[in-house]
Amino acid sequence: MTVSAFFLHTFVSSPAHAVLGSRNLSSPSPIRKLFFFPVSPSLLFIVFVFQPYPSTETPLSPSNLDGPPAPESLAPVPFLPSSMAVSPHAFPPRKRRPPAGAFVSPRLSDVELVQTLIHLSQEIASLRPFQYLLRSCSLSIVRKVNLLAVLFEELLRRPTSYCSPSAVLCLEEMYILLQRIKTLIEDCCNGSKMWLLLQVELVSDSFRELNADLTTLLDVFPVREAQLSDDVEELVALIKNQRSRAGARADPRDDDLRRDVLAILDGIEREVVPDQAKLAAVFESLGLRDSSSCREEMESLEEEVQNQSDEKGKSQAIALIGLVRFAKFVLYGGSTPPKPPAEFRRRKSASSLAIPADFRCPITLDLMRDPVVVETGQTYDRESITLWIQSGHNTCPKTGQALAHTNLIPNRALKNLISLWCREQRIPFEASGDAATARGGARSKGAIGATKMTASFLLRKLSGGPPAEVADGVVYELRELAKSDSESRACIAEAGAIPHLVRYLGSDVASECPTLQVNAITTMLNLSILEANKARIMETDGALNGVIEVLRSGATWEAKGNAAATIFSLSSVHSYMRRLGRKTRVVKGLMDLARDGHGSARRDALAAILNLAGDREAVASLLEGGMVEMVCGVMESLQDEAVTILEAVVKRGGLVAVMAAFGAIRKLSTVLREGSERARESAAATLVMICRKGGSDAVAQLATMPGIERVIWELMGTGTVRAKRKAGSLLRILRRWAAGLDCDMADSGDTTNVTTSTTTTTRIMLPS
């Protein structure tokens, strides 16, 4: 006898389950195995192991709630009740996934189970009803759940009336079904309206399936055994008789609206500008009636992009983002968000000084927005390491090891921690880098077409020379658009935005509307991230001079810092690095900002100086501008940046200037003792180069530092791989100098130096 035949025989021989046994083997509902539970546990296990699931169902388990199930050889799926076999269409793509416990029968007593069902049905009845899409579907199922609450309340009043196994099993399955209904309704309410519109057929199918499952449960619920009142029995019969409504199709108006949106997207792909009246009607029907609601819709669509696993879904969601952005500008105009209060700005600057070390990018030492891991295992901000690689480097900036490949792996765990920290500190967290990278590079013709139309529309508003307040709003929207992805940066620059932005970089604009200058220079910075746009900026008349003017006399520290960051971005191209390094105004502006600036503006200036120090000719200009004295002056407050710059300068011919600077070696030895891990590593490397190239004078200055040998030994034991290597070299140099084996000193024939070194040797107890 096969397992199925034996199972059928068991059920048919039982009077209480004769009807259920003949029905379960043929019903397409996922509840058809539900009533196998009264069989003995051993028989139940045999059924689950040897009776395969139908091809239309997927058993849900904790291992596949967030993705595909693991191979059985690696992670066998645990035994779970068959009631967890849910159709894959029961839950359409969504931002939120319910916990696995929501689909497992609760381990509650009979009374607690009914109380939980009452609470759950009340939660569903109190959910916000759909206002724009799927109104009939949502109202129908919410109405039925509201009526079910009456049934549960009746059962609670008669706790002895539902003790049969069949009744308890129905109630347990009712719990799972209500969880599914609640999840679907919440996701539809809280997600993107545009995305829900494209998925309206799938979601309406989900509602119909839930209605069918609810009807099936009520069909098999032992009403007579429960001894319900006549009114409640009639209520149950009423719910079951509404199954015809559950089979209704989606609202025809939803289908018409969906076709309108698809037609608009198709026209954008063919570079046809949407009719403004029709676009307004669509957005009015979806409740997107102002700039704020459109901004929220774009954020929801961004989350949908992250939630999609296939390229087609990503492409559709990105195209919708472009459409909403275009409609936001065309229908509701651009507007700069309200300025944060002065207290918030001060709090943000203060908190930026206390950023945890693990949250800082080792290159820029600023808060990482999009952390990625390189081949050596080190983590950097995507934008910074991309610029490093694009500038011709093939090594890891932190370890100095050669990179076998330049693949960047997102560090999502660290990104989540940074996001949580920013939320606690009330710091806005915006992911940097190309959003297309996070989106899997899925860019459709519709998305690119919408971006081109948006850029052209905004620039047409600037071409007429609008008032400063209007121009401020338009430039801010360009700034936001340029921040989104590389295609947007390309579209904005190709549309001719750079000459328009140059007009708003001058001091006359800053005195009239400071935020306009900030938005203009920030837009220029965002555009400069794209390699092709660097050439456009450098070749546009007045663009570079405008950036330099903001750097030297910007209205705010934010404007000056973003101008320095723009120079940092442009200097990643070696030819531009040399050109910028020869300009006295650039060098002096960066020096002044690094010395006298505030907050992140100083770090932006130091990052640009570090980039310019990559060229020997630029190093000469920096030294003439007093860069070493400036760096030594800021070393206490910006230790990591200052030491890294000194290392780069010494490496490229600035040894004499560093040695001539008063107290440079002493400050480096202090960093070696008290600095951060990265600062100690750079300080050790810098001191090794100074001692090797500077001769006995440099070594003598270092040897007189109190406790220097102990500091070196500590670094050899606790530092990074590179720091340990440099500390070992430094220790060997000091030993040779103490033994009088310094070649430069021996060749000089200076007896005074020899005597001094001998005397010093008696005071320095180097480890053996």
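**Close-up views of a predicted model**

Phe130 is buried, with a relative accessible area of 6%; buried means under 20% relative accessible area, exposed over 50% and partly exposed in between, for a 1.4 Å probe and protein chains only. The model is predicted: local features need pLDDT of at least 70, side-chain atom pairs count only at pLDDT 80 or more, and totals for chains, interfaces and linings use all residues. Residues are numbered from 1 along each chain as its sequence is written, and side-chain values use heavy atoms, with hydrogens and water left out.

**View 1. Phe130 and Phe207 form an edge-to-face pair.** Rings of Phe, Tyr and Trp (its six-membered ring) pair if their centres lie within 6.5 Å; planes under 30 degrees apart count as stacked, over 60 as edge-to-face and the rest as tilted. By this rule there are two aromatic pairs. The ring centres of Phe130 and Phe207 are 6.1 Å apart and the planes stand at 75°. Phe130 sits in the loop between helix H4 (110-125) and helix H5 (135-157), Phe207 in helix H8 (residues 200-220), 77 residues apart. Helices (H or I, at least four residues) and strands (E, at least two) are DSSP runs, numbered from the N terminus. Phe207 is buried, at 1% relative accessibility.

**View 2. Phe359 and Trp421 form an edge-to-face aromatic pair.** Their centres are 6.0 Å apart, with 70° between the planes. Phe359 lies in the loop between helix H16 (342-352) and S3, and Trp421 in helix H18 (residues 412-425), so the pair ties together parts 62 residues apart in sequence. Both residues are buried.

**View 3. Three strands form an open antiparallel sheet.** The order is S4-S3-S5. Two strands pair if DSSP finds at least two bridges between them. Strands S4 (379-381) and S5 (409-410) are the edges, each pairing on one side only. S3 (residues 371-373) pairs with S4 over three bridges. Val372 stands opposite Tyr380 in S4.

**View 4. The largest nonpolar core has 188 residues.** A nonpolar core is a set of buried Ala, Val, Leu, Ile, Met, Phe, Trp, Tyr and Cys residues joined through side-chain atoms within 4.5 Å. Phe152, Leu590, Ile609, Met627 and Leu672 touch the most other members. Another core, of 16 residues, lies apart from it; among its members are Val372, Leu414, Ile418 and Trp421.

**View 5. Helix H6 (residues 165-190) is mostly covered.** Of its 26 residues, 23 are buried.

Methods
Expected span 1.5 Å × (residues − 1).
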